Amino acid sequence: MAEIKLSNVVKKYGDVTIIDQLSLAVAHGEFFTLLGPSGCGKTTLLRMIAGFIIPDAGQVHIGEKDVTHLAAHKRETGMVFQDYALFPDKTVFDNVAYGLRVRKFSSQLIDTKVDRILQRVELAHLKKRYPGELSGGQRQRVALARALVIEPRILLMDEPLSNLDAKLRIQMRDVIRELQQEAKITTIFVTHDQEEALSMSDRIALLRSGRIDQLDTPEGLYSRPLTAYAADFIGGANLIPITDWTSRGTQTEVAIAGGVVLIDSDPTITAHAQASAKSLQATYQLAVRAEHIHIQTASKTSTHSVPAHVVFRRYLGFKVTYCVKLVDGNTLMADVAAADDPRKQAGEAVFLNFSPECRLVLV
Ligand SMILES: Nc1ncnc2c1ncn2[C@@H]1O[C@H](COP(=O)(O)OP(=O)(O)OP(=O)(O)O)[C@@H](O)[C@H]1O
């Protein structure tokens, strides 16, 4: 049984459809991320689950209960906002205690619960401070403690790390994930940061204009993107036009400018291609991650080498990034380990070998 279920939810503002017949199910204890660029509808979806936005059509279930029209405060959800939304005139202790006081817990139980959660987020020594006397990371931990102290059934987090500096953001990922695992609390996390999504989530729904483009595990989304949008958004793959392709059992030959690339076959793509009436060239591109291009100085190494020219070489310490141009003028970015660097300069000819992990993706 799903802990959270959205069934064909729709949200429109005027004539503009923001969420378009979207369905998803989140399992109990799952860390589920809504990922996508600004404006794709992540916050709207999260607020539908919280009860701040009522869908124009469709249902929201929490457990077995239809909560589509249930008031936000009756939904057993805790929310952490991007700007923390702490009470500036209350101490850390009182901020965290707020939800318990509203729920009429005894002051003794409030003391115990608040002290326990403040210790867990390493803020016990700061409980008498006001939010204005805390760093961004500390404020974020107060917001997290305040959401968790009421032991909500569901934790909803809207870009909770985006106001922190890069180092703190990475530390807080671990804190959130640890607390979530400890309490086995079903969590929906909104972010536009692909690295955050990959490193924290059990599953990710990649959104595109109010629809789910791909719903998958982090590994699935990174290594088996189905669309050019997913391949580009997660890990910024090179997208290469194809001129033809032939599936030969476990391997597929893909013709691109200058040569033929051999990749692993994907049954999903093959089945889609068989069912699709459109021309293959218009429907698919080859998605190639920078780490899946190997730069050779001679073509002899493989019958599937593709000629190219170096546009520029950028040394980055542990790796070297090359920009290379195919015979049709398309450019690709390729990463090589510093130890394997062929040390080619702009204008020099090279040959590219592509790893079998490269994929055909829907345009
Ligand atoms: N009250 C509103 N009235 C009209 N349009 C709105 C309203 N709220 C949101 N929108 C629009 O709905 C779309 C989705 O907004 P939403 O906040 O869900 O996106 P998001 O993916 O969370 O973006 P961001 O990462 O920038 O927060 C946007 O185009 C936004 O302008």
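Modeller: Before we start, a residue counts as near a molecule or strand if its C-beta atom, placed from the backbone, lies within 6 Å of it. Keep in mind that this is a predicted model: local features need pLDDT of at least 70, side-chain atom pairs count only at pLDDT 80 or more, and totals for chains, interfaces and linings use all residues. Residue numbers run from 1 along each chain as its sequence is written.

Biologist: Got it. Which residues surround the ligand?

Modeller: Around the ligand you'll find Tyr 13, Ile 18, Gly 36, Ser 38, Gly 39, Cys 40, Gly 41, Lys 42, Thr 43, Thr 44 and His 192.

Biologist: And which helix gives the largest share of that shell?

Modeller: That's helix H1, residues 42-50, with three residues. Helices (H or I, at least four residues) and strands (E, at least two) are DSSP runs, numbered from the N terminus.

Biologist: How does the shell divide into nonpolar, polar and charged?

Modeller: Three nonpolar, seven polar and one charged. Ala, Val, Leu, Ile, Met, Phe, Trp, Tyr, Cys and Pro count as nonpolar, Asp, Glu, Lys and Arg as charged, and the others, Gly among them, as polar.

Biologist: Switching topic: what does the domain assignment give for the protein chain?

Modeller: Domain 1 covers 4-227 and domain 2 covers 229-362, with bounds from an automatic or database domain assignment. Their C-alpha centres are 38 Å apart.

Biologist: How many residues of domain 1 are in contact with domain 2?

Modeller: Contact is set by C-beta atoms, placed from the backbone, that lie within 7 Å. By that rule, 12 residues of domain 1 are in contact with 12 of domain 2. On the domain 1 side, E9, E10 and helix H7 (218-223) each supply at least two residues. H7 has the largest share, three residues. By class, that side has five nonpolar, four polar and three charged residues.

Biologist: You mentioned E9 and E10. How many bridges join them?

Modeller: Five, between E9 (residues 203-208) and E10 (residues 211-216), and the two strands run antiparallel. Strands pair if DSSP finds at least two bridges between them. Leu 207 stands opposite Ile 212 in E10. E9 and E10 form a hairpin with two residues between them, and Ser 209 in the turn has a positive phi of about 45°.

Biologist: Nice. What is the order of the three-strand open sheet?

Modeller: The order is E11-E15-E21, with antiparallel pairing. E11 (238-241) and E21 (359-362) stand at the edges with a single partner strand each, so one side of each has no neighbour in the sheet. The twist averages 45° from one strand to the next; axes are lines fitted to C-alpha atoms, for helices over the stretch in contact, and angles run from 0 to 180 degrees between N-to-C directions. E11 and E15 (residues 284-288) pair over four bridges, and Pro 241 stands opposite Gln 285 in E15.

Biologist: And what about the open sheet of five strands?

Modeller: That one has the order E16-E20-E17-E18-E19, again with antiparallel pairing. E16 (293-296) and E19 (331-337) are the edge strands, pairing on one side only. Here the twist averages 45° from one strand to the next. Further in, E17 (residues 306-315) and E18 (residues 319-325) pair over six bridges, with Arg 313 opposite Tyr 322 in E18.

Biologist: Last one: is Arg 248 buried or exposed?

Modeller: Arg 248, in strand E12 (residues 244-248), is exposed because it has 9 other C-beta atoms within 10 Å. The cut-offs are 20 or more for buried, 12 or fewer for exposed and partly exposed in between, counting other C-beta atoms, placed from the backbone, within 10 Å of the residue's own. Arg 248 and Ser 265 are 17 residues apart in sequence and 7.9 Å apart in space, C-alpha to C-alpha.

Notes: Two residues are in contact if their C-beta atoms, placed from the backbone, lie within 7 Å.
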